[in-house]
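Here is a short report on one protein model. Look at the fold before reading on.

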Amino acid sequence: QVQLVESGGGLVQPGDSLRLSCVASGRTFENYAMGWFRQAPGKEQELVAALNWDGGHTYYPDSVKGRFTISRDIAKTTLYLQMDSLKPSDTAVYYCATGASTESYDYWGQGTQVTVSS
């Protein structure tokens with residue numbers, strides 16, 4: 001059974017940094033693509049970072065490019081999302097996901113809340 005458990009969310013001020021973690025279990029971590037999504041109230045789910053299966057390629061939308069960094073630690077089967085220069089518009093529930101490619105995900109975590117407010 002594949003499980004993804006996120007942590008690291010919280011309340012921060014604009015301009016602050018935060019690092020999210022996602023511990024994965026139940027499948028060979030390094031054989032699958034991983035991604036971070038977010039969903040704010042009343043808005044559609046948005047992919048904010050993706051890492052392909054071999055870790056050689058990343059994807060970021062323009063809304064977070066240059067501020068967010070996705071990475072992984074294979075030994076710890078953990079995915080990270082480093083978020084810098086946070087803005088109020090980054091407020092959302094953040095989910096990690098895994099799948100066959102950066103465009104196809106089949107397992108999701110339960111989410112962690114990130115709130116950016118002064």
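Of the contacts in the protein with a separation of 6 or more, what percentage comes from residues 24 or more positions apart? Such residues account for 54% of those contacts. Keep in mind that this model is predicted.

The protein has 11 strands and 0 helices. Read from the N terminus, the order of elements is β-β-β-β-β-β-β-β-β-β-β.

Now the overall dimensions. The C-alpha trace spans about 40 × 25 × 25 Å along its principal axes. The radius of gyration is 13 Å, which agrees with the value near 13 Å for a compact globule of 118 residues. Of the 118 residues, 42% count as buried.

Next, the surface and the charges. The protein exposes about 6,100 Å². Carbon and sulfur atoms supply 46% of that area. There are 9 positive and 12 negative side chains. The centres of these two sets lie 4 Å apart.

Thr 77 is not a glycine, yet its phi is positive. Ser 85, also not a glycine, has a positive phi too.

| Residue | Phi | Loop | Relative accessibility |
|---|---|---|---|
| Ser 85 | about 50 degrees | between β8 and β9 (92-99) | 42% |

Conventions. Residues numbered from 1 in each chain as written. Predicted model: local features only at pLDDT ≥ 70, side-chain atom pairs only at ≥ 80, totals over all residues. Heavy atoms only, no water. Helix = DSSP H or I, 4+ residues; strand = E, 2+ residues; numbered from the N terminus. Rg over C-alpha atoms; globule rule 2.2 N^0.38 Å. Buried < 20%, exposed > 50% of the residue type's maximum accessible area, 1.4 Å probe, protein only. Contact = heavy atoms within 4.5 Å. Areas by Shrake-Rupley, 256 points an atom, 1.4 Å probe, with all protein chains shown as cover. Lys, Arg positive; Asp, Glu negative; His and termini not counted. Charge placed at Lys NZ, Arg CZ, Asp CG, Glu CD.
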